[in-house]
Amino acid sequence: MRRALIIFGGVVLAVPGAARAESGGFFKNLFSGGEGGAPAIAAPRAQDPDDVYCPPVFVPDGGAAIQAFAGGAGDKTRLRHQIVFSRLSRECKARPDGSVAVRVGVELRALLGPAGAAGRFEAPVTVAVKYNEQTVMARTHRVAVSVPAGAAQGEATLIENDLSVPADKATGYDIEVTLAGAAARAKPAARRRKPAPAATAEQGEATADQ
């Protein structure tokens, strides 16, 4: 099931608004620098939704938040901080060869817990394009989010400009954003059989000689 989860088991602090998937408006706000300010980066030309397939960004289960505890995980009174998605956006541009250039914007929010303190926190964010559940292209970035002294939260922004979808997959692909690289989990080590005790082997040989 494709959905963004912000609250896990009741231990996550209240998030003011779930992550919202947006189109070009988010990028324009990021690059314009606010009213009256000179744009740091030229805003991309708006695309007609009918010109190119451009699915909304989705966050898989288990990939929407990172939590740090002072001690055992799960005790909300010992939560130091959590990092969640605040806003998500995407833009897609058709190329002459039929491929699609995908641009993804991610806004992260760090919130302090009861056991937390102001500081700088890092979160791995993976942005991927998938087709039939198979990864076409993916990039992972470590994003730093700072919570200043006297504040309870802080924000940071990531822009991924260089995702490409081949022409043969330009319709029906998915755009996925994940915190903590949830798609890559460590595999348990294989169990090894213990060798039989030497005494048992010797006893077997003795029995065979009789």
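Colleague: What is the relative accessible area of E155, and into which class does that value place the residue?

Modeller: The classes are defined as follows: buried means under 20% relative accessible area, exposed means over 50%, and partly exposed lies in between, with a 1.4 Å probe and protein chains only. E155 has a relative accessible area of 43% and is therefore partly exposed. Please note that this is a predicted model, in which local features need pLDDT of at least 70 and side-chain atom pairs count only at pLDDT 80 or more, while totals for chains, interfaces and linings use all residues. Residues are numbered from 1 along each chain as its sequence is written, and side-chain values use heavy atoms, with hydrogens and water left out.

Colleague: With which residue does the side chain of E155 meet in a salt bridge?

Modeller: The general idea is that side chains of opposite charge can pair when their charged atoms come close. The criterion is a side-chain nitrogen of Lys or Arg within 4 Å of a carboxyl oxygen of Asp or Glu. Here E155 meets R109, at 3.0 Å from N to O. R109 belongs to strand β5 and E155 to strand β8, so the pair ties together parts that are 46 residues apart in sequence. Helices (H or I, at least four residues) and strands (E, at least two) are DSSP runs, numbered from the N terminus. R109 counts as buried, because its relative accessibility is 10%.

Colleague: How many salt bridges does a search of the whole structure find?

Modeller: The search finds nine. One of them joins R87 to E107, whose closest N and O atoms are 3.4 Å apart. R87 lies in strand β4 (residues 79–94) and E107 in strand β5 (residues 100–112), so this pair ties together parts that are 20 residues apart in sequence. R87 counts as buried at 15% relative accessibility, and E107 counts as buried at 9%.

Colleague: Which side chain meets K130 in a salt bridge?

Modeller: K130 meets E176, at 3.3 Å from N to O. K130 lies in strand β6 and E176 in strand β9, so the pair ties together parts that are 46 residues apart in sequence. Both residues are buried. There is also a network, in which salt bridges that share partners join R120, E122 and R142.

Colleague: How many bridges join strand β6 to strand β7?

Modeller: Two strands pair if DSSP finds at least two bridges between them. In this case 13 bridges join β6 (residues 119–131) to β7 (residues 134–147), and the strands run antiparallel. F121 stands opposite V145 in β7. The hairpin of β6 and β7 has two residues between the strands, and N132 takes a positive phi near 55 degrees.

Colleague: How many aromatic pairs does the structure hold?

Modeller: A pair of aromatic rings is described by the distance of the centres and the angle of the planes. Rings of Phe, Tyr and Trp (its six-membered ring) pair if their centres lie within 6.5 Å; planes under 30 degrees apart count as stacked, over 60 as edge-to-face and the rest as tilted. The structure holds one such pair. Y53 and Y173 form it, edge-to-face, with 5.1 Å centre to centre and 85 degrees between the planes. Y53 lies in the loop between α1 (24–32) and β2 (57–58), and Y173 in the loop between β8 (153–165) and β9 (174–179), so the pair ties together parts that are 120 residues apart in sequence. Y53 is partly exposed at 33% relative accessible area, whereas Y173 counts as buried at 0%.

Colleague: Which cysteines form a disulfide?

Modeller: A disulfide is a covalent bond between the sulfur atoms of two cysteines. The cut-off is a pair of cysteine sulfur atoms within 2.5 Å. C54 and C92 form a disulfide, with their sulfur atoms 2.0 Å apart. The link of C54 and C92 is right-handed, with 70 degrees about the S-S bond. This pair links distant parts of the chain, 38 residues apart: C54 is in the loop between α1 and β2, and C92 is in strand β4. C54 counts as partly exposed at 22% relative accessibility, while C92 is buried with a relative accessible area of 4%.

Colleague: Which residues of the largest nonpolar core touch the most other members?

Modeller: In soluble globular proteins, nonpolar side chains tend to be buried together. A nonpolar core is a set of buried Ala, Val, Leu, Ile, Met, Phe, Trp, Tyr and Cys residues joined through side-chain atoms within 4.5 Å. Of the 33 residues in the largest core, F85, V102, V104, L108, V125 and V177 touch the most other members. At least two residues of this core come from each of β4, β5, β6, β7, β8 and β9. β5 gives the most, with seven residues.
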